[in-house]
Amino acid sequence: MISESVLDKIRNISGEVHTDNSTCQTHGLDWTRFYKPNPSAVVFPRTTQEVGAIVKLANEYNFGLVPSGGRTGLSGGAVAINKELVVSFDKMNKILEFDAVDCSVRVEAGVVTRTLQEYARNKGLYYPVDFASSGSSQLGGNIATNAGGIKVLRYGLTRDWISGLKVVTGRGDILELNHGLIKNATGYDLRHLYIGSEGTLGFVTEASVQLTTDPGSLSVVLLAVPKMTDVVAVLRAFREQTSLTAFEFFSDVALQYVIEHMDLSVPFSKRSDYYVLVECIEDDDAITNVFMDCTDSGWVVDGIVSQSGQQNKDFWRYRENISEAITPFTPYKNDISVRVSKVPEFLAAIQDKVMSQYPDFEIVWFGHIGDGNLHLNILKPISWDLDRFKQRCEKVSESILGVVSSFRGSISAEHGVGLLKRDQLRYTRSEIEIATMQALKKVFDPNDVMNPGKLL
Amino acid sequence: MKVLVTAKRVVDYNVNIRVLNDNSGVDLNNVKMSVNPFDEIAIEEAVRLREADKVEEVIVVSVGASACQEQIRTALALGADRGILVETEEDMQPLAVAKLLNAIVDKEKPELIILGKQAIDGDNSQTGQMLAALAGIAQATFASQIELKDEVATVTREIDGGLETISVKLPAVITTDLRLNEPRYASLPNIMKAKKKPIDIFTPTDLGINVEPRVKTLKVEPPAERQAGIIVETVEELVDKLRNDVKVIP
């Protein structure tokens with residue numbers, strides 16, 4: 001609980017402090033739907049200095065701070081349930097500086113991903129990190145979770161595009177990390193420690209982001225693949241013969257939800273259990289050649305190719321709208337990954353567990369197969385209440401995560417850990433690793449004010 | 001019965017159009033090109049008529065540079081039977097295109113010609129009408145529904161303030177509106193089959209048509225940039241702005 005006198009001190013630092021219920025409810029929550037937001041207040045700082053002063057105050061009066069960006073997180077990383085002060089970056093949304101020689105842009109943490117993508121395009125360049133929520137998600141949140149998305153296969157993660165950071169540590173110190181340098185061999189790269197730290201070491205307030213050249217015209221191909229285990233063979237064929245930018249997969253259950261809820265047309269006359277979406281540099285001959293190889297091998301039974309920019313977008317909607325289409329069913333999301341080469345074996349093992357342990361639940365599969373990343377969503381039966389559903393899912397998750405662990409995979413490929421996956425961290429990280437992470441947190445945030453209770 | 005459809009090569013609908021620095025036209029360098037979306041609807045309609053056994057053959061025509069073959073191939077993949085390209089590097093304007101199409105109509109004698117109601121680049125909406133006049137046949141523009149029976153096409157047209165249903169005797173020219181149908185996607189098996197379908201190539205000279213432009217473009221300018229909106233903090237501020245800045249309330 002933050003007392004009224006401390007709230008006044010916060011108001012003195014940053015004019016905009018909201019304590020009304022509606023702001024607290026919206027800004028105290030991300031896309032995760034398992035928590036009830038309960039913050040003391042929401043502050044909208046406008047400068048790094050203001051954020052620094054707020055952190056110092058949190059140390060002095062011992063209250064927790066929860067960062068809030070585009071609130072599209074799926075692991076409860078930006079959820080305030082213990083009367084914390086929510087620090088929203090909505091008002092720190094300026095693009096500060098562009099340099100054509102460096103191909104880089106310096107932005108405040110609250111800049112929305114799509115705004116940056118469009119800014120880059122207007123400069124004749126390209127910011128390749130992209131995902132379904134790019135219209136809302138903010139750069140600061142992308143950095144705090146090392147966001148991946150749909151172009152990882154070709155362009156890597158958010159980490160690969162950040163050349164500098166300005167952060168406020170849990171002590172309230174302001175650090176400028178790496179200064180936009182490409183080469184900088186001067187010891188520990190604290191920038192990379194902050195990327196993916198989920199706000200537990202400090203808050204990112206500014207970033208230097210690298211841009212690249214536009215890949216040019218892309219084709220999007222949708223393929224009907226009857227057997228899940230053939231998906232990786234299809235990936236290999238396309239990787240060898242085309243210049244891939246994305247390789248995604250989803251199940252027929254997922255497709256039916258998207259068609260129904262997003263009012264899209266049916267892509268194939270005959271349904272197939274699984275589908276693959278391939279995006280590659282436009283090359284019709286190469287695409288038809290791989291397609292023939294894949295059909296000859298029996299992996300693929302049908303396929304369509306986009307013929308226009310509009311169709312590129314339409315095809316992507318079959319994949320990108322899945323998350324939104326199943327949201328009304330309060331999905332319990334497993335965001336898991338293994339090495340790409342292990343995917344077929346892993347898929348078979350997980351499928352086996354799911355079939356035996358979730359016979360009464362509806363399962364929606366989709367994922368970034370090209371990155372070894374699978375999203376396994378369990379839909380809540382309408383008659384079940386949330387607590388019962390969550391408890392049951394957590395129980396079954398343990399056996400799924402056991403499989404992940406035995407494949408030395410990750411229990412959270414790109415959604416982060418937050419509150420939701422915190423107690424599962426041990427499936428991917430060893431005891432000593434977790435202890436080392438805790439010790440590191442102590443260095444940057446000795447009083448545990450930065451996003452307390454998340455990740456560790 | 002034969003149907004002739006068109007497939008104009010245009011700058012893709014989703015491309016951000018850039019005007020050339022010298023204001024002489026639009027930058028077409030490395031820009032994605034596609035079939036005019038209204039022509040896609042024409043192609044789809046023709047293919048559906050053939051699938052319903054109302055017509056025997058669907059011929060697709062494009063006019064322009066050699067690269068227009070890509071758009072013809074797309075139409076062939078969507079179900080057209082053969083293609084005709086009238087190849088020219090000249091800047092093509094509606095009257096010249098209508099004359100070329102009329103020459104093709106003379107050769108092929110189709111009972112039905114379906115075109116997009118306009119192309120999304122020039123937005124002229126002239127070619128179909130001119131073609132009907134040149135060929136001396138009926139026209140039904142802005143179609144949202146087409147029914148064929150006994151040498152007569154009953155066409156529902158989208159007009160200002162409602163719908164109009166007319167019947168025209170075949171042969172006739174029909175131009176398509178958005179709601180006529182939803183075009184299918186090109187399937188890979190059909191794209192492969194389309195590679196084997198024939199495309200005949202003519203030049204305007206072969207057809208005896210002079211395609212010299214009649215209209216000279218003086219200047220191309222981008223639309224005026226819209227000013228960014230602002231977010232007001234209070235209702236009072238909003239009312240104040242509406243009253244004193246925008247002056248829309250007294």
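I began with the surface of chain B, where Val235(B), Val239(B), Val246(B), Val248(B) and Ile249(B) make a nonpolar patch of about 400 Å². Patches join residues with over 30% relative accessible area and no salt bridge, like charges within 9 Å and nonpolar side chains (Val, Leu, Ile, Met, Phe, Trp, Tyr) within 5 Å. Areas are Shrake-Rupley values with a 1.4 Å probe, and for residues only the protein chains shown count as cover.

I note that this is a predicted model, in which local features need pLDDT of at least 70 and side-chain atom pairs pLDDT 80 or more, while totals for chains, interfaces and linings use all residues. Residues are numbered from 1 along each chain as its sequence is written, chains are lettered from A and ligands numbered from 1 in the order written, and side-chain values use heavy atoms, with hydrogens and water left out.

**Chain B**

I placed Val239(B) in helix α6, residues 235-245, and found it partly exposed at 30% relative accessible area (buried is under 20%, exposed over 50%, partly exposed in between, with a 1.4 Å probe and protein chains only). I counted 6 helices and 12 strands in chain B; these are DSSP runs numbered from the N terminus, helices being H or I with at least four residues and strands E with at least two. Of its 250 residues, 45% are buried, and the chain exposes about 13,800 Å², with carbon and sulfur atoms supplying 49% of that area.

Which strands does the pair of Arg82(B) and Glu57(B) tie together? I found Arg82(B) in β5 (82-87) and Glu57(B) in β4 (57-64), so the pair ties together parts 25 residues apart in sequence. The closest N and O atoms of Arg82(B) and Glu57(B) are 2.7 Å apart, and both residues are buried.

Lys117(B) and Asp177(B) form another salt bridge, with 3.2 Å between the closest N and O atoms. This pair links a loop between β6 (112-116) and α4 (127-135) to a loop between β10 (172-176) and β11 (186-187), 60 residues apart, and I noted both partners as buried.

I looked next at Arg179(B) and Glu158(B), which meet at 2.8 Å, N to O. Here Arg179(B) lies in the loop between β10 and β11 and Glu158(B) in strand β8 (152-159), 21 residues apart. Buried or exposed, for Arg179(B) and Glu158(B)? I read Arg179(B) as exposed at 58%, whereas Glu158(B) is buried at 16%.

Both of these residues are among the contacts (heavy atoms within 4.5 Å) of Ser144(B), which also touches Thr156(B), Leu163(B) and Leu180(B), residues up to four places away in sequence not being counted. Ser144(B) sits in strand β7, residues 138-149, and is buried at 13%.

**Chain A**

I recorded a network of salt bridges linking Glu97(A), Arg106(A), Lys166(A) and Glu206(A).

In helix α8 (231-241), I found Val231(A), Val232(A), Val234(A), Leu235(A), Ala237(A) and Phe238(A) buried, with cover that includes β10 (218-225), β11 (244-251), β12 (274-281), α10 (284-296) and α13 (343-357) of chain A. Helix α9 (252-262) has buried residues including Asp252(A), Leu255(A) and Met262(A), and is followed by Asp263(A), whose phi is positive, near 60°.

Note on methods:
Salt bridge = Lys/Arg side-chain N within 4 Å of Asp/Glu carboxyl O.
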